[in-house]
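Look at how the two chains meet before reading the notes below.

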Amino acid sequence: MAQRRALRNNPYIKTLIFGSPAIILMLLFILGPIIMTILFSFTDIALTGAAAKEFEFVGFENFSRMFKDPSFKTSVINTIIFLVCSALIGQQVVGFLIAYLMKGKARPFRSLIGLLVLAGWITPEIVVAFVWFAFLSDDGTLNTILEFVGMEPVAWLLNFPMVSVVFVNIWHGAAFCMLMYQAALDDIPQEIEEAAKIDGANAWHRLWRITLPMIKGSAVTNMVLVTLQTLGVFTLIFALTGGGPGNKSTTLPLFMYDEAFVNYQLGYGTAISLVILLLGILLSLLYIRFLKTDD
Amino acid sequence: MKFKKRIKIALPYIILSLIGIMFFIPLLWMIFASFDKNATLSIEWPNDFTFDHWTQIFTDPDILRAFVIGVFLSLGSSIVIVIVSALAAYPLSRFHIKHKDSIILSILFLSGLPMTAIMVPVYQMFVFFNLNDSLWATLLFMSAAALPYGIWLMKNFIDSVPVSLEESAWIDGASMLVGLRKVVVPLMKPGIFTVLIFTFTGSWGNFFVPFILIQSVEKLPASVTIFQFFGQHGMVFYGQLAAFSFVYTIPVVILYFIGQKYMSQGFGLSGATKG
């Protein structure tokens with residue numbers, strides 16, 4: 001009896017009991033699929049037909065096919081463009097610019113601009129795609145404005161698909177960076193800036209020598225986090241351009257979807273998933289690494 | 001000189017105003033077009049003002065059912081997350097166990113992984129266990145996918161509740177579960193609401209997961225129905241598409257305003273990320 005009570009009061013056992021629903025859910029729906037991703041990417045499993053039930057291990061065939069596939073190359077390049085331009089640079093620069101310019105401005109003005117920027121963030125991804133489809137389409141608002149000022153209309157989604165999806169993703173995500181940088185800027189002690197001002201440093205110098213070095217830690221962490229979140233973006237591109245025209249705006253998640261669910265090549269699709277997953281694991285490890293040093 | 005100084009003061013206001021306009025114009029289309037009888041893709045002041053698009057959305061039984069399913073998936077998964085993550089986070093917050101930091105870092109690591117990457121095997125798993133097209137299984141998957149972040153948020157909120165209150169409850173003979181329910185939960189209502197609102201919003205806007213896991217048209221939540229509406233009629237009925245988008249966005253906006261004060265707390269916790 002006493003032994004059983006001791007066992008019940010053991011903190012490890014208690015942690016395990018309390019955590020068991022979470023552990024079961026995560027094992028079943030996250031870790032299980034991750035292991036399946038690794039296994040299935042070495043098979044020829046298909047969505048329909050004979051290979052759906054009786055699939056075989058085919059070694060590295062999916063991967064050698066992948067590296068020869070020009071569509072894979074295109075989607076890797078598009079993914080890199082999408083991540084670097086929208087997450088690593090675009091959202092950071094726009095978010096920082098807004099946060100920096102807002103510093104010390106009148107309250108109502110700050111709240112209004114902040115609210116407008118946040119509206120782009122709160123709006124669900126699929127609606128973001130629709131409103132931007134309307135904005136960028138041939139008869140859309142942007143072309144109406146261009147024609148009004150006497151310029152030629154442009155088929156934005158057809159001729160500049162990557163520029164469009166990068167721009168829209170910056171619009172959708174900038175608010176997150178704005179909030180991060182507002183918090184980081186608020187943490188800088190005012191005395192430091194005051195002292196630099198008295199010493200005669202101009203605004204440009206203060207930005208490069210004081211502000212930016214002081215928020216470097218949170219900026220790097222934020223960059224990794226946002227890149228990580230952007231890696232999984234599917235809906236925005238799928239509903240806005242469908243990855244097209246052709247595969248001009250197909251990123252890895254869209255390529256994975258096309259191969260697995262449109263071409264029914266689950267094995268090949270899973271091999272593409274594995275590439276996304278490995279990128280995600282790498283970035284996620286970087287993220288927690290930076291978090292630890294950020295302390 | 002005086003002129004130059006004035007420009008210098010005005011410039012940030014001008015840039016910020018332009019940015020603000022840039023952020024609002026695309027959304028303005030949705031608002032105007034939803035009330036415009038002759039809506040086009042371009043922003044126009046609704047000269048032929050009408051509520052027809054709105055009434056059509058609210059009287060279409062298929063769309064109403066999609067909203068109900070959306071609420072079921074989002075509310076269901078956020079309730080599962082709140083309960084399961086509170087249970088898991090509680091001992092992580094209160095006990096001194098070995099490797100606690102590694103466990104917490106692993107949870108954080110999992111919360112960063114892009115769930116998009118595992119959807120192909122999840123689909124296979126659902127087919128294998130005959131779970132595809134099941135709303136309950138989809139609900140559980142959505143809960144599991146957001147669980148790591150939920151546990152992380154919840155742990156931070158429990159950390160902020162002083163342990164001394166429970167200790168006196170324990171001395172009075174209360175069990176840990178009773179301590180959690182009677183002492184901690186009432187004190188961390190803001191935290192629970194944050195997690196609830198955060199995960200509800202995430203599930204409500206989630207298109208990819210139900211798009212892959214649900215096949216029957218009559219089981220699709222609003223996030224997918226709206227996409228199909230766009231594919232089938234969206235190219236012609238701009239006004240209805242705009243009204244549908246508007247109605248679909250409203251719950252998220254309301255939740256944002258309700259949760260704003262809690263959210264900022266939650267955001268600080270996730271943003272400052274002091275583990």
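Helix H2 of chain A passes helix H6 of chain B in a left-handed crossing. The model is predicted, and H2(A) spans residues 11-40, while H6(B) spans residues 135-159.

**H2(A) and H6(B)**

- Two packed helices are described by the angle between their axes and the distance between the axes.
- For H2(A) and H6(B) the angle is about 120°, and the axes are 9 Å apart.
- Angles of 65 to 115 degrees count as roughly perpendicular and those over 145 as roughly antiparallel, so H2(A) and H6(B) are oblique to each other.
- On the side of H2(A), the contact is made by A:Ala22, A:Leu25, A:Met26, A:Leu28, A:Phe29 and A:Ile30.
- On the side of H6(B), the residues are B:Leu140, B:Phe141, B:Ser143, B:Ala144, B:Ala145, B:Leu147 and B:Ile151.
- By class, this contact has 12 nonpolar residues, one polar residue and no charged residues.

**H6(A) and H1(B)**

- The crossing of H6(A) and H1(B) is left-handed.
- H6(A) contributes A:Leu112, A:Ile113, A:Leu116, A:Val117, A:Ala119 and A:Gly120 to the contact.
- H1(B) contributes B:Leu16, B:Ile19, B:Gly20, B:Phe23, B:Phe24 and B:Leu27.
- Here the classes are 10 nonpolar, two polar and no charged residues.

**The whole interface**

- How many residues of chain A are in contact with chain B? There are 72, and they touch 70 residues of chain B.
- H2(A) supplies the largest share of chain A's side, with 19 residues.

**Chain A: make-up and dimensions**

- Chain A has 15 helices and zero strands.
- The C-alpha trace of chain A spans about 75 × 75 × 30 Å along its principal axes.
- The radius of gyration of chain A is 24 Å, whereas a compact globule of 295 residues would have one near 19 Å.

**Backbone exceptions**

- Most residues other than glycine have a negative phi, and most peptide bonds are trans.
- The peptide bond from A:Gly244 to A:Pro245 is cis, with omega near 0°.
- A:Pro245 lies in the loop between helix H13 (235-240) and helix H14 (252-262) of chain A.
- B:Asn130 is not a glycine, yet its phi is positive, at about 60°.
- The loop that holds B:Asn130 runs between helix H5 (119-128) and H6 of chain B.

**Confidence**

- For the complex, the predictor gives an ipTM of 0.89 and a pTM of 0.90.
- Chain B has a mean pLDDT of 87, and 93% of its residues reach 70 or more.
- Where in chain B is confidence lowest, and where is it highest? It is lowest in helix H12 (residues 238-272), at a mean of 77, and highest in helix H10 (residues 208-213), at 96.
- The pLDDT is below 50 over residues 266-275 of chain B.
- Beyond near neighbours in sequence, the stretch of residues 266-275 in chain B has 14 contacts in the model.

Key: Residues are numbered from 1 along each chain as its sequence is written. Chains are lettered from A and ligands numbered from 1 in the order in which they are written. This is a predicted model: local features need pLDDT of at least 70, side-chain atom pairs count only at pLDDT 80 or more; totals for chains, interfaces and linings use all residues. Two residues are in contact if their C-beta atoms, placed from the backbone, lie within 7 Å. Helices (H or I, at least four residues) and strands (E, at least two) are DSSP runs, numbered from the N terminus. Axes are lines fitted to C-alpha atoms, for helices over the stretch in contact, and angles run from 0 to 180 degrees between N-to-C directions. Angles under 35 degrees count as roughly parallel, over 145 as roughly antiparallel, 65 to 115 as roughly perpendicular and the rest as oblique. A crossing is left-handed if the near helix is turned anticlockwise from the far one by less than a right angle, and right-handed if clockwise. Ala, Val, Leu, Ile, Met, Phe, Trp, Tyr, Cys and Pro count as nonpolar, Asp, Glu, Lys and Arg as charged, and the others, Gly among them, as polar. pLDDT is the predictor's confidence in each residue, from 0 to 100. The radius of gyration is taken over C-alpha atoms; the globule rule is 2.2 Å times the number of residues to the power 0.38.
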